[in-house]
Amino acid sequence: MDFALSDTERAIRDTARDFITREVMPLEQELLRRERAHRPGLEHSELRELQLKARKFGFWGLATPEEYGGMDLPAVTQSLIWTELGRSFVPFRFGGEADNILFHANDEQKREYLVPTIEGERRSCFAITEPGAGSDAANIKLSARRDGDDWILNGEKTFITGGHDADFAIVIAVTDREKGARHGGATAFLVDRAMGWRSEFIQTMGEGGPASLVFDDVRVPGRNILGEPGQGFSLGMEWIGKGRYIIPSHAVGIAERALSMAIDYANTRETFGAKIGTNQAIQWMIADSETELEAARWLILRAAWTVEQGMDPRHASSMAKLYGAGMVNRVVDRVLQIHGGMGYTRELPIERWYRQVRLYRIFEGTDEMQRLIISRDLLRGYTKLGGHLA
Ligand SMILES: Cc1cc2nc3c(=O)[nH]c(=O)nc-3n(C[C@H](O)[C@H](O)[C@H](O)COP(=O)(O)OP(=O)(O)OC[C@H]3O[C@@H](n4cnc5c(N)ncnc54)[C@H](O)[C@@H]3O)c2cc1C
């Protein structure tokens, strides 16, 4: 058994770490200042500038195939890089990416949607959730009715990340109510904002926020179907599945950075004439955090490795998402506690993380949905206890 990184994995990880340390972390204090003044921490133009700088270092399209100019990195390397990204609270990510399901586009759609998204000239959002259908995504109601060669879309999507800025949306719509969404009755459409949908920004406890999208007789040409008619639900699940090891990888980076702050603070802050780190109460919070962080790291790397091996990653990814999301919430909570009143202020990023990571237990499958998947796999015998070692 080999728990070490390969030389290539380590080299790529270290280069990413270097870039983030030199180019991204210096922006952190300004980001906090701006957010305290209720301004966006990082403007889109600044993000783009950083992404283009990273491109010169070779970081462009972590998951994007080489034929589209990307790095096409194996899943474990992608996971390691997302952990590096998590270390800075500046909402930076490398450019050159597109939604994984956009690669199902035909040649014409690739020219119109995929390539400009990779190049950062167009901005997409992915929309399946509705006011009446979140966890129960098969219950979506937004309808697409055929009209000659076109389709007419009616309904509402909600909580759509990037929905207020996107110029097109990948929309999962019901095209055959009788069949039901899960059984071939849903189709994915590429819908330009210019075709008539409108968005409303949703305030959340995090910085930034998603949007609701309203479709009122929006006419979409038949050539804008993504993939095959009736394939919408499985494309939706494919989109969501991708995040299941990326989100907890990011969580590991956040937890590591936060915990390192807590260790520094415990070694410097004094009460009653001694460093607070000399108290068992503080030591135990640090010990529990490190242990859980390490457990999450290996669950996540194993999930990414499963993807890389071409094995079915769903069970491993659900455990990684469930545990990683819970872990980062517990760690950030303890780190805040260790910092006392300072942890609660907006001088430090801790309260920001506290708000941010709460989302990790909700989006792209709630804790409860991950538990449902994990237990169902076992109860129905889809997977064995002990995973690939069994
Ligand atoms: C900031 C943000 C960004 C998002 N981005 C996107 C996006 O880009 N695109 C998109 O399509 N969606 C997006 N979502 C939607 C997100 O995926 C849903 O919010 C999530 O799937 C939960 O759905 P819901 O909010 O409707 O909760 P519900 O499904 O109504 O669930 C409410 C509660 O009941 C629990 N629950 C539900 N069913 C069961 C059950 N059978 N057993 C036990 N417990 C159950 C849930 O776990 C949850 O705790 C985003 C959400 C947020 C908050």
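So, helix 7 gives the largest share of the lining of the second largest pocket, seven residues. Helices here are DSSP runs of H or I, at least four residues, and strands are runs of E, at least two, numbered from the N terminus. Before I go on: this is a predicted model, where local features need pLDDT of at least 70, side-chain atom pairs count only at pLDDT 80 or more, and totals for chains, interfaces and linings use all residues. Residues are numbered from 1 along each chain as its sequence is written, and side-chain values use heavy atoms, with hydrogens and water left out.

Back to that pocket. Its volume is about 730 Å³. A pocket, on a 1 Å grid over the protein atoms alone, is an open set of points where a 1.4 Å probe fits, with protein on both sides within 12 Å along at least five of seven lines, and lining residues have an atom within 4 Å of a point. The volume is the space filled by probe spheres set on the points, which are joined across faces, edges and corners. Of the 29 lining residues, Asp2, Phe3, Trp298, Leu301 and Arg302 are the closest to the centre.

Now, the ligand. Thr161 puts a polar side-chain atom 2.7 Å from a ligand nitrogen, and Ile128 has a backbone N or O atom 2.9 Å from a ligand oxygen.

Key
Polar contact = N/O pair within 3.5 Å; in protein donor to acceptor, adjacent residues only side chain to side chain.
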